[in-house]
Amino acid sequence: MARILTGVQSTGIPHLGNMLGAIIPAIQMAENSNNESYLFIADLHSLTQIKDPKELKYNTLTTAAAWLACGLDTSKTVFYRQSDVCQTTELSWYLQCFFPYQRLTLAHSFKDKSNTVEQVNSGLFNYPLLMAADILLYDADIVPVGKDQIQHIEITRDVANRLNHQMGSTLIIPEARVVKDKQIVPGIDGQKMSKSKKNIISVFEGTKTLQKQIMSIKTDSKGVNEPKDPDNCTVFNLYSLVENQKEIEALKTQYISGSIGYGDAKKLLSQSLLKKFRKQINRFHYFMNHQEEVESLLQQGSSKARKVANKTLGRVRQKLGYSS
Ligand code: ADP
Ligand code: TRP
């Protein structure tokens, strides 16, 4: 039996990249009864960016609603809020004391923003070790993540090995599981889709918003009847991520033969997304209208998570020489 764990930051309504790259694959893994799964909302990580309590709370709600809408089954999965488990920050402190400062300066999460270093808070600098605590606290074996998070899992393995080496075997060394084919979902500018790049496609924000986002996908300026290169087109790439083989081949033929314009291809993509995610969209609205149900599910999950967290932390505290 493998223990699967993953988290998603609550920095906004999850977008298509989050859904295809993280949420849906994690839920599929959780469906496998050989696995035990832990899925959580990383709202402590969000504090590195968001300082507005209302926004923080709202983002947690929309994130939870999106996970539930995508089919997360709370009877099979421990579904919780990171900030409800204060054991995480305690373990993170211990890990910080076992990890060289210099190595953290090389982490992408920090390096990407270090040219605006005056805006970088210490939380952002220590971000990878909070994530390491998220994982190590639950003795996770497998962590499904997008490609961009691999370095964080390497840091997690590294710090766990360092602590184990000095204190004797204490922590389980986890492995990253990167989703094949859907590794990086492109945004409307063709770059990796990301909330921070404002290039997202969101199925949960209403049909009009979705259509507007899709209509603004950047393409080259080829006319309707000109042959087009499907492999270098974000509209086609996105279509290939959500459609079945027959539909993909049909659109490919139209691209190559110059029998479809980008406007129509975009319409096809909108229709395809709305059809594929109709059930999830309806469920999302249901949960947004039943917030007390979401809150209660999270509290039940957090209570289960704390029990497991206390056990691991007890083990670590004992090894370090603290009362356990
Ligand atoms: P964002 O970059 O929009 O802030 P997060 O950092 O909150 O997204 O990512 C949450 C999860 O979704 C992570 O596992 C991440 O790897 C995955 N993810 C985010 N964007 C994409 C993408 N464009 N393609 C594939 N997976 C993604
Ligand atoms: N840093 C991850 C992201 O931005 C979110 C996250 C926090 C996470 N803790 C985690 C993912 C633990 C997997 C495991 O996507």
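Good morning. I shall begin with the second largest pocket, which has a volume of about 280 Å³. Please bear in mind throughout that the structure before you is a predicted model.

Which residues line the second largest pocket? They are Asp43, Leu56, Lys57, Tyr58, Thr60, Leu61, Arg81, Gln291, Val294, Glu295 and Leu298. Two elements, helix H3 (53–69) and helix H14 (291–320), each give two or more residues to this lining. Helix H3 makes the greatest contribution to the lining, with five residues. Sorted by class, the lining of the second largest pocket holds five nonpolar, two polar and four charged residues.

Let us stay with helix H3 and turn to its packing. As a general point, a pair of packed helices is described by the angle between their axes and the distance between the axes. For H3 and helix H13, residues 278–288, the angle is about 140° and the axes are 8 Å apart. H3 is therefore oblique to H13. The crossing of these two helices is right-handed. On the H3 side, the contact is made by Tyr58, Leu61, Thr62, Ala65, Ala66, Leu68 and Ala69. On the H13 side, it is made by Gln280, Arg283, Phe284, Phe287 and Met288. Nine of the residues in this contact are nonpolar, two are polar and one is charged. I would draw your attention to Tyr58 and Leu61, which line the second largest pocket and also take part in the contact of H3 with H13.

Helix H13 brings us to helix H14. These two helices pack at an angle of about 90°, with 6 Å between their axes. H13 is therefore roughly perpendicular to H14. Here Tyr286, Phe287 and Met288 of H13 meet Gln291, Glu293 and Val294 of H14. This contact comprises four nonpolar residues, one polar and one charged. Phe287 and Met288 belong to the contact with H14 and also to the contact with H3.

Helix H10, residues 234–242, packs with helix H12, residues 262–276, at an angle of about 25°, and their axes are 10 Å apart. H10 is thus roughly parallel to H12. The crossing of H10 and H12 is left-handed. From H10, the residues involved are Val235, Leu238, Tyr239 and Val242. From H12, they are Ala265, Lys266, Leu268, Leu269, Ser272, Leu273 and Lys276. By class, eight residues of this contact are nonpolar, one is polar and two are charged.

Finally, I come to the largest pocket, with a volume of about 1,300 Å³. How many residues line the largest pocket, and which are closest to its centre? There are 48 lining residues, and the closest to the centre are Gln9, Tyr127, Asp148, Gln149 and Lys192. The elements that give two or more residues to this lining include strand S1 (2–9), helix H1 (16–31), strand S2 (35–42) and helix H6 (108–111). Helix H7 (122–136), strand S4 (142–145) and helix H8 (150–167) also give two or more. The lining divides into 16 nonpolar, 23 polar and nine charged residues.

Thank you for your attention.

How values were computed. Residues are numbered from 1 along each chain as its sequence is written. Chains are lettered from A and ligands numbered from 1 in the order in which they are written. This is a predicted model: local features need pLDDT of at least 70, side-chain atom pairs count only at pLDDT 80 or more; totals for chains, interfaces and linings use all residues. Side-chain values use heavy atoms; hydrogens and water are left out. On a 1 Å grid over the protein atoms alone, a cavity is a set of points where a 1.4 Å probe fits but cannot get out, and a pocket is an open set with protein on both sides within 12 Å along at least five of seven lines; lining residues have an atom within 4 Å of a point. Grid points are joined across faces, edges and corners, and a volume is the space filled by probe spheres set on the points. Helices (H or I, at least four residues) and strands (E, at least two) are DSSP runs, numbered from the N terminus. Ala, Val, Leu, Ile, Met, Phe, Trp, Tyr, Cys and Pro count as nonpolar, Asp, Glu, Lys and Arg as charged, and the others, Gly among them, as polar. Axes are lines fitted to C-alpha atoms, for helices over the stretch in contact, and angles run from 0 to 180 degrees between N-to-C directions. Angles under 35 degrees count as roughly parallel, over 145 as roughly antiparallel, 65 to 115 as roughly perpendicular and the rest as oblique. A crossing is left-handed if the near helix is turned anticlockwise from the far one by less than a right angle, and right-handed if clockwise. Contact means heavy atoms within 4.5 Å.
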